[in-house]
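Dear colleague,

I am passing on a structure that will be new to you, and it is placed just below.

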Amino acid sequence: MKNSPDRAVLITGASTGIGEACALELDRLGWRVFAGVRNDPAGQRLGRRASARLTPVMLDVTEAEQVAAVAAMLAETLGDRGLFGLVNNAGVAVAGPLEALSLDQLRRQFEVNVVGQVAVTQAVLPLIRRAAGRIVMIGSLNGRLATPYLGPYAASKFALEAITDAWRIELRRWKIGVSIVEPGTVLTPIWDKAVTNTQELTETIPPEMMELYGDDIRAMQELTAKLVARGMSVSRVVRAVLHALTAGRPKTRYPVGIETRLLIAGAPFAPDRFRDRIIRRFIGLD
Ligand SMILES: NC(=O)c1ccc[n+]([C@@H]2O[C@H](COP(=O)([O-])OP(=O)(O)OC[C@H]3O[C@@H](n4cnc5c(N)ncnc54)[C@H](OP(=O)(O)O)[C@@H]3O)[C@@H](O)[C@H]2O)c1
């Protein structure tokens, strides 16, 4: 394990949830953490809970100017030592029936979860190359197994899997490790946001769509509440991220949680229609 202090890591989306937990744990272990946030209060909140080493940086991954400014600041600050770690964690979840989805929402989903990750990675890759460092993507079980009413989110996480695979092979020559962490349901604010989004959706989608999908949306809301109630703690995801950053031979994929591992291992062997039936039953759609 290469857990030497003074290594630098950039974590996107560090205001809450998995990103925040990774930032605080890496800071505790002596890393020099640059934590991406989108407003000053979030940076101050994080700063109060961390050592003076931790630096909040203003980073909306969809804002090209902010991405360029953070890369320039890191180059200036870190110099020849470069950046050892990048944790591409920022993400949002767009939920709802695909038929009722506005294309702008779909674009936003990809803009944050896919294009944003590539933009940040491209910007800091010269610094990661200097350190022969590591890139860690935060994927999802939904990047291996698509579920209904989370179509846009699953599509973005499937895309992230493909990008991770391609990049891992392309960056091998410089000994840059590229891994993807694939958690199941984790207890974080993303679920409160999803509940608010679904509430907004039910208030804003056309009545004819509500007539078609209302029952399914309600079933999904109930299931989500149950899944979140038994969601895993962020510390399990943090452990996987730490391994990806520090192990002598990091894994390419880190499914997190026993159910996640079983589903990912079993899904390819189940015929599609059988799998569809199980998913519909599990959600309570049949
Ligand atoms: N929780 C789960 O069950 C679960 C499971 C699998 C994978 N994941 C993945 O884990 C990652 C972190 O999610 P989380 O569960 O920790 O949720 P979270 O607490 O909502 O964290 C999401 C983070 O992303 C940030 N973010 C959103 N849009 C951004 C943008 N345009 N630019 C930069 N940052 C942005 C948020 O910042 P603001 O606070 O400023 O909005 C927040 O810091 C996501 O990629 C998510 O898909 C979560």
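**What was found**

Ala132 sits in the loop between α4 and β5 (134-138), where helices (H or I, at least four residues) and strands (E, at least two) are DSSP runs, numbered from the N terminus. The phi angle of Ala132 is near 45°, a positive value in a residue other than glycine; with a relative accessible area of 30%, Ala132 is partly exposed. Throughout, buried means under 20% relative accessible area, exposed over 50%, and partly exposed in between (1.4 Å probe, protein chains only).

Please keep in mind that this is a predicted model, in which local features need pLDDT of at least 70 and side-chain atom pairs count only at pLDDT 80 or more, while totals for chains, interfaces and linings use all residues. Residues are numbered from 1 along each chain as its sequence is written, and side-chain values use heavy atoms, with hydrogens and water left out.

Lys175 belongs to the loop between α5 and β6 (177-183), and it counts as exposed at 63% relative accessibility.

**Salt bridges**

Side chains of opposite charge can pair when their charged atoms come close. Taking a salt bridge as a side-chain nitrogen of Lys or Arg within 4 Å of a carboxyl oxygen of Asp or Glu, the count comes to 13.

One of them joins Arg28 and Glu25, at 2.8 Å from N to O. These two residues are 3 apart in helix α1 (residues 17-28), and so are separated by about one helical turn. Arg28 is exposed at 60% relative accessible area, whereas Glu25 is partly exposed at 21%.

Another salt bridge, with N and O 3.4 Å apart, is formed by Arg38 and Asp60. This pair links distant parts of the chain, 22 residues apart, with Arg38 in the loop between β2 (32-37) and α2 (40-49) and Asp60 in the loop between β3 (55-58) and α3 (64-78). Arg38 is exposed at 57%, but Asp60 counts as buried at 13%.

Glu259 and Arg230 also form a salt bridge, their closest N and O atoms being 3.0 Å apart. Because Glu259 lies in helix α9 (residues 258-266) and Arg230 in the loop between α7 (207-229) and α8, the pair ties together parts that are 29 residues apart in sequence.

Finally, Arg144, Glu161, Asp165, Arg168, Glu182 and Arg253 are linked in a network of salt bridges.

Which side chain of opposite charge is nearest to Lys157? It is Glu161, 8.8 Å away, and Lys157 is buried yet has no salt bridge; here Lys and Arg count as positive and Asp and Glu as negative, with His and the chain ends not counted. Lys157 is part of helix α5 (residues 151-170). Leaving aside neighbours within four places in sequence, Lys157 is in contact (heavy atoms within 4.5 Å) with Asn113, Ile138, Gly139, Ser140, Asn142 and Gly143.

Arg130, in helix α4 (residues 103-131), is partly exposed at 45% relative accessibility. Not counting residues up to four places away in sequence, Arg130 touches Gly79, Asp80, Arg81 and Gly82.
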